[in-house]
Amino acid sequence: IMARLSKEMLPPTLRQFLKELDRVAATREGPSPEVTRRLDIVRDIVERLRAEGCAIEHDLLESLLERQVISLEDLPPDLRRTVEVSRLTEGFLATKDAVVAALGRIAADEAGTRLAAALSQVFPELLRRRDYQVVAELLRAIREGARDPATSPNLERLVAQLRQAAADEQTIACAIEDLGRQDKAGRSYLVEILAFIGDAAGPGLVEAYATSDNRSVRVDAFEALRQIGARAFKPFLARLPDIEREWLMIRHALLAAADLADTSLAQPIAKFLHHPHAHVRQAALTAFFKLEGARAEPHFLGALRDRDAAVRQAAIECLGRTQSRHAQALEFYARSLDLADPAAPREDDAVLVQVCQAMASLGGRSPEEASRAEAMLLAALQPSDQKGLLGRLKKGHHRHSDQVRASLCKALGTVGTARAVGLLGQVAATERSLVGEAARAAASQIQERASRSAAV
């Protein structure tokens, strides 16, 4: 019967015979023919397992050693090491608190070397056992100890050893698979562990995000990738258009990429400048500004033609913060503020306010640019003349809303000269709204700046 058993049936049959062996032994005192016969059968099964090259699970191996079916010396080197590591891990778990405390004062001596060597063996075994909470506690203890300059160099070496020990393909695959099996606390431990493993976990996490229909798994995979950093996040961004349809998540990913502050992430972000959703295009512009600053000016200029006002506003903000003086940007500012052509499309007030702020940034560049900006702002603040009989009977009407006119005054306060004071004073004298207050403040700002310049 034993000879006809398949390889797959050998391990469960072995477990069953071990249970029978315990049952018979419990009813007999001392050796008996029945116990001996069962021991012989168990040994035959073990020999078949070894001959077939089948792996013997850890708990089964311990059971065989405990019942003296086999001895440690009889095992092949790899199995012997497996048992030794398992026993070392049991010893660690029995004294875990003491070991964690010792990490905080690890030194570059013989004791510190032994502790590091033991943890390097225990760490992957804990992962194999899915003792994720214990692993997370170890990692936190290491991070805490690394704050002490006296222990930091030793813990940095230990971190490198543990990361290498955990960067096993099967270990990583099991941890990622367990994201879908753990509760919220367990998933948070796994995110921490996978982030610690680092770049080696990146491809598996991207694949988990791409293929899982479990939202929690996708969120946790994303968070682990974010914590790992740019090298893992870049392949994720490259695949994001194909694996994510929810614009909120794409926007979140782009802003997270920007916070990583690695310029290599700019290239995969470029494709999102043409995404169907305006919020995604806005996020792409923000990411470009954070990652590349003024070098991303062509993208900002291109977005001035975007069909959505909020995206144009974001582009103007980026151009203003980079103090762009590109002719295309200045032309857009002038066209937006000049409403001489009633047939021309009118920009939203939010866009026009952003234009005023961008023009104020030109004051710090050169006198010529400041003068040009001042002329454009003054022209936009001037009332427009109405033609015909109605125009002779009525005063000019304002080109822009109070909100925009107040922003024009504020911008003049930054770039304006004495020639702006007259119009600002006229506005301050005739209007009591926020426009009048902004005009008074701007005129005062220009005069104070002129006084400081004269004193110098």
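Let's start with two helices that lie against each other: α6 (residues 110–128) and α8 (residues 152–166) pack at an angle of about 35°, with their axes 9 Å apart. This is a predicted model, so everything here is read from computed coordinates. As α6 passes α8, the crossing is right-handed. On the α6 side, the residues that meet the partner helix are A116, L119, S120, F123, P124 and L127. On the α8 side you'll find L158, Q161, L162, A165 and A166.

T171, which is found in helix α9 (residues 169–177), touches L127 and A166, leaving out residues up to four places away in sequence. Is T171 buried or exposed? T171 counts as buried, because its relative accessibility is 17% and the cut-off for buried is under 20%.

Now look at the loop between α6 and α7 (132–145), where R130 sits. R130 has a positive phi of about 65° although it is not a glycine. With a relative accessible area of 38%, R130 is partly exposed. Another residue with a positive phi is Q323, at about 55°, and Q323 is not a glycine either. You'll find Q323 in the loop between α18 (309–321) and α19 (327–337). At 32% relative accessibility, Q323 counts as partly exposed.

Next comes another helix pair. The axes of α10 (residues 184–197) and α12 (residues 215–228) come within 8 Å and cross at roughly 35°. Here, too, the crossing is right-handed, with α10 passing α12. From α10, the contact is made by R187, V191, L194 and A195, while α12 brings in S216, D220, E223, A224, Q227 and I228.

Let's move on to the nonpolar cores. The largest nonpolar core has 126 residues, and the members that touch the most others are L205, F236, Y333 and L424. Helix α16 (residues 278–292) gives the most to this core, with nine residues. Y333 shows what such a spot looks like: leaving out residues up to four places away in sequence, Y333 touches I316, L319, G320, V355, A358, M359 and M376. There is also a second, separate core of 22 residues, and I45, L49, I56 and L61 are among them.

E369 counts as buried, at 17% relative accessibility. Setting aside its neighbours within four places in sequence, E369 is in contact with R325 and L362.

Finally, what about the cysteines? The count of disulfides comes to zero. C356 counts as buried, at 1% relative accessibility. C174, on the other hand, is partly exposed, with a relative accessible area of 27%.

Key
Residues numbered from 1 in each chain as written. Predicted model: local features only at pLDDT ≥ 70, side-chain atom pairs only at ≥ 80, totals over all residues. Heavy atoms only, no water. Core = buried A, V, L, I, M, F, W, Y, C linked by side-chain atoms within 4.5 Å. Buried < 20%, exposed > 50% of the residue type's maximum accessible area, 1.4 Å probe, protein only. Helix = DSSP H or I, 4+ residues; strand = E, 2+ residues; numbered from the N terminus. Contact = heavy atoms within 4.5 Å. Axes fitted to C-alpha atoms, helices over the stretch in contact; angles between N-to-C directions. Left-handed = near helix turned anticlockwise from the far one by under 90°. Disulfide = S-S within 2.5 Å.
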